[in-house]
Amino acid sequence: MGTRWSTKSTAEHILEQAKAGVMKLKAASIDPHLVVVLVGDDPASHVYVRHKVAACEELGIRSTKIALPADVAADALLSEVMRLNRDASVHGILVQMPLPKHIDCDAVIRAIDPDKDVDGFHPINVGRLALGQPGLFPCTPMGVMALLKQTVTDLSGRRALVIGRSAIVGKPMAHLLLHANCTVTVSHSRTVDHQAVCREADIVIVAVGRPGLVDGGWLKPGSWVVDVGINEIKDPALAEKLLDGKRLDRFRATGRALVGDVNYRSALDVAELVTPVPGGVGKLTIAQLMLNTVTATELQR
Ligand code: NAD
């Protein structure tokens, strides 16, 4: 029987590093400043931005939220990003995704100054990560690496599987694991026989967006499982399969629940450590965003 893999102390450790950086910068009369650009009315995006702004407040990082209407012209958004690039009082720029369909996300990401790109999505930062050079790298994979490194000092030779190959999570995760000398496999929607691949892995990172995709039966006994997925479920049959106890009671009362990509209950029967959803990787992501803001500020000194 495995245990819940708490991310709390790793998140706290990342925040302590960020706080120390903020204090050092302030002692040098530099006021770290993150600008979050929010386009449209996506409710989830509003919640994410609120959490980011609150985390800044807690650490003494100045934050500004720029809210633009859903029908903002693509050129107007690009001009805003350019203006923020030129503004020396702004150290970090984050354009909250997803953007409305009429806007080319890649063009917006390319427009951000790579040294202010706290999300680490700019092609220059992607290249720096691939080459093992210093830069700003995506918050979720960076947070997951901090969790792994806090659990074991040397990851060399471990077999790591990343399920999902997105630019935001899967690909950068694979690069970071490779730099930590893991033997890395990436599986995705076209992979044949996920279970066979999964059963070989000491460490499994799942970032797909499919509730309960990874079942305990897929896993190697004693493996470590990081569940990045966040999915809202409303299907009672799925809830009965994935939830129990108070969480199932709450689902029955509200008709909805947040779950990860891993069937947490069955995974715990086989794995040694499994991160929970909610309350797992999300904490790491936001803490790492604070540290990335400090790093971005230091890059511009
Ligand atoms: P995405 O949709 O961009 O990518 C999903 C990936 O999963 C793709 O590469 C696809 O090939 C793969 N995939 C699809 N179906 C599959 C299947 N049946 N088997 C294996 N692979 C399959 O998603 P993303 O942005 O990487 O996010 C993934 C999940 O992680 C989502 O639930 C998202 O909400 C969550 N997320 C959480 C955090 C956090 O801070 N906790 C951060 C980012 C993303």
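**Core.** I started with the largest nonpolar core, which has 51 residues. I took a nonpolar core as a set of buried Ala, Val, Leu, Ile, Met, Phe, Trp, Tyr and Cys residues joined through side-chain atoms within 4.5 Å. L148, L177 and I205 have the most contacts inside this core. Helix α12 gives the largest share, eight residues. Domain 1 (29-113) and domain 2 (139-283) both contribute residues, so the core lies between them. The domain bounds come from an automatic or database domain assignment.

**Ground rules.** I noted that this is a predicted model, where local features need pLDDT of at least 70 and side-chain atom pairs count only at pLDDT 80 or more, while totals for chains, interfaces and linings use all residues. Residues are numbered from 1 along each chain as its sequence is written, and side-chain values use heavy atoms, with hydrogens and water left out. Helices (H or I, at least four residues) and strands (E, at least two) are DSSP runs, numbered from the N terminus.

Next I looked at N or O atom pairs within 3.5 Å. A polar side-chain atom of S166 is 2.5 Å from a ligand oxygen, and one of T285 is 2.7 Å from a ligand oxygen. For H194, I have 3.2 Å to a ligand nitrogen. The protein covers 73% of the 860 Å² of accessible area that the ligand has on its own (Shrake-Rupley method, 1.4 Å probe).

**Backbone.** Most residues other than glycine have a negative phi, and most peptide bonds are trans. I therefore looked for exceptions. M97 and P98 are joined by a cis peptide bond, omega about 0°, and P98 sits in the loop between β4 (92-95) and α4 (105-111). V277 and P278 are joined by a cis bond as well, omega about -5°; P278 is in the loop between β11 (273-274) and α12.

D193 has a positive phi of about 60° and is partly exposed at 45% relative accessible area (buried is under 20%, exposed over 50%, partly exposed in between; 1.4 Å probe, protein chains only).

Technical notes
A polar contact is a pair of N or O atoms within 3.5 Å; within protein, one must be able to donate a hydrogen and the other to accept it, and residues adjacent in sequence count only if both atoms are side-chain atoms.
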